[in-house]
Amino acid sequence: MKAEKELQSHYQGGLEVKIRLQNDELVKSLSGWLIESSLPSRWHFYSLIIKAKAEQGGAIILCERRPNDAWMATLMSKWRTALCTAALSIVHTFVNQLATPMIPDWEQISSELVPLAAKGDWIRSIDEALVVCSSCNHYMLSNWESVRNVAECPVCKSDVFKFLPAVIAPAAKEAILRGLLMEIAVAKAIVRVGGVLFKRDLGQLGEHYVSLQFQHPVSPVELDVIGDLQDTLLFVECKDSKPSEILAINELELTASKVGRLMKQLGDFALSQYKKPARLLFVTTGQLHKDLQRSDLKRGELSDVPCYVVDQSQLTRICDYLIEVSTS
Ligand SMILES: [Zn+2]
C-alpha cells in the first residue's frame, strides 16, 4: 500500500514537471523557432547541436561570419604553441561543431540566435566572447556586448571574426532531455494552422497537452499529441531520434495498434465528443526507411487508421504537412 502511494506521488511529481515545461515561455519560444519554416537547417541544428549540447553539456559557439578551415587551423596551431588556452578552447569548440555530419548553415543560424542569446531567451550568452582579426590575428577576450560591438581590428583596421559562446536555458534543456520538446513544437504547429489541441486545464499548474495518458483495461496508452484539425482528429507520435536513425516498420505498427486500441474505446472517455475520422501522423527527426512508401501507409495496411509520416527532410514544412494530412 505504501509502495503504491509512493508510486502514485512519484507519477504525480513527474506530471507536474511535464506540465510546468509545457507551459514554460522559453520552451515555447524554442518550439516556435523550430516550426517557423523560413530556414531549412533549424531542425538539423536542433538535432545535431542543440540536443547534443543539452545531453553532453558545454557551450554552443555562435559565429555570424565563419572563417575558413585553413585559417582556423593555422590560428589554433599558433595559439597552442603560445599557450593561449582560453581563446584556443573557444575556436576548438567551434571547429568541433562544424565537424558534425551535416553542417547546418552556421552564419544564418548564428545571426538569428545572437540577438536571442544576448537578451537571454531559450539560448543565452555565457562567459567571455572572442574577437579575432582576419588579417593580423590580433585577438581579444571580453564580455559579450563589447565583442558584439567591435567593428574592425583596433590594430590594422581589417575585418574581424567574432566567436560568441551560448548555452541552452535550463527549462529548454530539461524539455529536450525529457523528450517533450518535439511534442511541444508539433502541438504549437497544430495550433498555428488553426487546430485545437486535446488538453486538460489543470488550473494553477497550467495546461496539459503533450504525453497524454489514457486508461485502458490492458495497459495505459500514452499519446504524444492529439489535435482537432479541419475534418480529422489527428493523433501524432513524435520520434526525436538521431538524424541517422531510420524509422522502422515495427515501430509504426506498434503505434498504429496503440491508436487502434484507443479508437475502439472512444466512447469511454473525453475524446468521444470528436466524431471525426482519425489520422495517425508520425513525426521524426530521423529518416523514413526506403521500403516504406507513403502510399502504402495511407492505404491503412498497418491499422484501420490511415498513417502518415513526416521525416527530417519534411520537418521544415511541418505546418504545410499538417494541413495536407488533415484534408487528405
Ligand atoms: Zn588586425
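Strands E12 and E14 run parallel and are joined by seven bridges. The model described here is a predicted one. E14 also runs parallel to E16, and four bridges join these two strands. Here Leu281 has Tyr308 in E16 as its bridge partner.

E14 is mostly covered, with seven of its seven residues buried. Ala278, Leu280, Phe282 and Thr284 point one way from the strand, while Arg279, Leu281 and Val283 point the other way. Residues on both sides are buried.

## The five-stranded sheet

E12, E14 and E16 belong to an open sheet of five strands, in the order E6-E11-E12-E14-E16. The pairing in this sheet is mixed. Its edge strands are E6 (196-197) and E16 (307-310), each of which pairs on one side only.

The antiparallel part includes E11 (residues 225-229) and E12 (residues 232-239), which are joined by five bridges. In this pair, Asp228 has Leu233 in E12 as its bridge partner.

## Helices on the sheet

Which strands does helix H12 touch? H12 (residues 318-327) packs on the sheet and touches E11, E12, E14 and E16. The direction of H12 makes about 155 degrees with that of E14.

Helix H9 lies across E6, E11, E12 and E14 (278-284). H9 runs at about 5 degrees to E11.

## The nonpolar core

The largest nonpolar core has 88 residues. Within this core, Phe163 and Val186 have the most contacts. H9 (residues 181-192) supplies the largest share, eight residues. Domain 1 (56-107 + 115-169) and domain 2 (179-327) both give residues to the core, so the core lies between them. In soluble globular proteins, nonpolar side chains tend to be buried together.

Leaving out residues up to four places away in sequence, Val186 touches Val225, Val236, Cys238, Val283 and Ile318.

## Helix H8

Which residues of helix H8 are buried? In H8 (residues 170-177), they are Ala172, Lys173, Ala175 and Ile176. Seen down the helix axis, the buried residues of H8 fall within an arc of 160 degrees, so they line one face of the helix.

On the other side of H8, Pro170 and Leu177 are exposed. Just after the helix comes Gly179, which takes a positive phi of about 75 degrees.

Ser47 is in helix H3 (residues 42-56). Is Ser47 buried or exposed? Ser47 is buried, because 24 other C-beta atoms lie within 10 Å, and a residue counts as buried at 20 or more.

Ser47 touches Lys242, Pro243 and Thr285, not counting residues up to four places away in sequence. Ser47 and Lys242 are 195 residues apart in sequence, but their C-alpha atoms are 6.6 Å apart in space.

## The chain as a whole

The chain has 12 helices and 16 strands. Of its 328 residues, 39% are buried. Among contacts in the chain with a separation of 6 or more, 73% are between residues 24 or more positions apart.

Methods:
Residues are numbered from 1 along each chain as its sequence is written. This is a predicted model: local features need pLDDT of at least 70, side-chain atom pairs count only at pLDDT 80 or more; totals for chains, interfaces and linings use all residues. A residue is buried if 20 or more other C-beta atoms lie within 10 Å of its own, exposed if 12 or fewer, and partly exposed in between; C-beta atoms are placed from the backbone. Two residues are in contact if their C-beta atoms, placed from the backbone, lie within 7 Å. A nonpolar core is a set of buried Ala, Val, Leu, Ile, Met, Phe, Trp, Tyr and Cys residues joined through C-beta atoms within 7 Å. Domain bounds come from an automatic or database domain assignment. Two strands pair if DSSP finds at least two bridges between them. Axes are lines fitted to C-alpha atoms, for helices over the stretch in contact, and angles run from 0 to 180 degrees between N-to-C directions. The arc is that of the directions from the helix axis to the C-beta atoms.
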